[in-house]
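Me: Hi, I've got a new model open and would like a quick tour. Please start with the terms, then go through it piece by piece.

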Amino acid sequence: MTYTDSTLLELSGVSKSYGDHVVLSGLDLTLPPGIHALLGPNGAGKTTLVNILSTLIPHDTGDVRVLGLDPRRDRKALQTRISLTGQYAAVDGRLSGMENLLMMGRLFGLSGREARSRADVLLERFDLTGAAGNHVETYSGGMRRKLDIAASLVAEPQLIFLDEPTTGLDTRSRQALWDEITALATRARRSC
Ligand SMILES: Nc1ncnc2c1ncn2[C@@H]1O[C@H](COP(=O)(O)OP(=O)(O)O)[C@@H](O)[C@H]1O
Ligand SMILES: [Mg+2]
């Protein structure tokens with residue numbers, strides 16, 4: 001992971017509506033590299049903004065730069081640099097934790113050996129090595145969430161979007177997840 005740009009995000013005058021329902025209006029925001037949290041009540045537009053920044057939906061007006069790229073114009077280039085862990089777990093319950101990560105690695109173009117070694121590292125990092133061979137449908141909510149985040153890290157993205165990463169987790173899993181996210185950011189800063 002490298003932070004070559006001094007600005008992570010740059011938004012100016014960004015607006016987004018669904019039909020005549022205005023969700024974002026004239027949003028200005030500049031963020032440096034690091035960990036940032038977007039807070040707001042249900043329906044405030046957090047997921048909408050995350051979806052715009054991660055190229056899933058286009059904004060209507062204004063200017064958006066993520067890692068210096070425009071999510072509308074430079075969609076493909078940006079997609080190779082970011083990852084998104086959505087609000088709902090996206091891992092396949094019928095596969096084991098290891099199989100989910102291997103599949104993700106192969107989808108990202110890693111060789112079988114590279115995918116295996118990446119999966120081993122991530123399972124270890126998220127304390128899932130012992131459960132690696134078990135079907136994900138037997139995992140607890142916290143384990144599933146951690147695997148979900150591990151899956152989004154297979155491709156070593158420069159920027160990670162996490163939409164409500166700790167919703168539904170108990171206090172201990174929540175703390176473990178924040179510790180891991182802090183460690184990831186520290187490693188990224190060191191490798192600058
Ligand atoms: N695809 C959609 N079509 C119409 N309205 C939507 C759509 N997605 C979100 N909304 C509306 O936009 C508002 C913001 O939603 P959202 O971004 O999901 O908020 P948050 O993530 O902060 O809870 C809500 O009023 C929601 O109903
Ligand atoms: Mg949301």
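Reply: Happy to! Helices (H or I, at least four residues) and strands (E, at least two) are DSSP runs, numbered from the N terminus. This is a predicted model, where local features need pLDDT of at least 70 and side-chain atom pairs count only at pLDDT 80 or more, while totals for chains, interfaces and linings use all residues. Residues are numbered from 1 along each chain as its sequence is written, and chains are lettered from A and ligands numbered from 1 in the order in which they are written.

Me: Thanks. Where does Thr55 lie?

Reply: Thr55 is in the loop between H1 and E3. Its phi is positive, about 75°, although Thr55 is not a glycine. For background, most residues other than glycine have a negative phi.

Me: Is Thr55 buried or exposed?

Reply: Thr55 counts as buried because it has 21 C-beta neighbours inside 10 Å. The cut-offs are 20 or more other C-beta atoms within 10 Å for buried, 12 or fewer for exposed, and partly exposed in between, with C-beta atoms placed from the backbone.

Me: How many bridges join E1 to E3, and how many link E1 and E2?

Reply: Strand E1 (residues 9-18) is joined to E3 by 5 bridges, antiparallel. E1 and E2 pair over 7 bridges, also in the antiparallel sense. These two strands, E1 and E2, form a hairpin with 2 residues between them, and Gly19 in the turn has a positive phi of about 60°.

Me: Switching to the ligand. Which residues surround ligand 1?

Reply: The shell is Tyr18, His21, Val23, Gly40, Asn42, Gly43, Ala44, Gly45, Lys46, Thr47 and Thr48. A residue is near a molecule or strand if its C-beta atom, placed from the backbone, lies within 6 Å of it.

Me: Which element gives the most to that shell?

Reply: H1 does, with 3 residues. The elements giving two or more residues to the shell are E2 and helix H1 (46-53). By class, the shell has 3 nonpolar, 7 polar and 1 charged residues. In that count, Ala, Val, Leu, Ile, Met, Phe, Trp, Tyr, Cys and Pro are nonpolar, Asp, Glu, Lys and Arg are charged, and the others, Gly among them, are polar.

Me: And how is the chain divided into domains?

Reply: Into domain 1 (1-80) and domain 2 (90-158 + 166-177), with bounds from an automatic or database domain assignment. Their C-alpha centres lie 26 Å apart.

Me: Which residues touch the most other members in the largest nonpolar core?

Reply: Leu101, Leu122, Leu123, Leu147, Ala150 and Ala151, out of 33 residues in that core. Such a core is a set of buried Ala, Val, Leu, Ile, Met, Phe, Trp, Tyr and Cys residues joined through C-beta atoms within 7 Å. Among the elements giving two or more residues to this core are E1, H1, helix H3 (97-107) and helix H5 (141-152). Each of domain 1 (1-80) and domain 2 (90-158 + 166-177) supplies at least three residues to this core.

Me: Why does Leu123 count as buried?

Reply: Because 20 other C-beta atoms lie within 10 Å of Leu123. Leu123 is in helix H4, and its C-alpha is 9.1 Å from that of Lys146, 23 residues apart in sequence.

Notes:
Two strands pair if DSSP finds at least two bridges between them.
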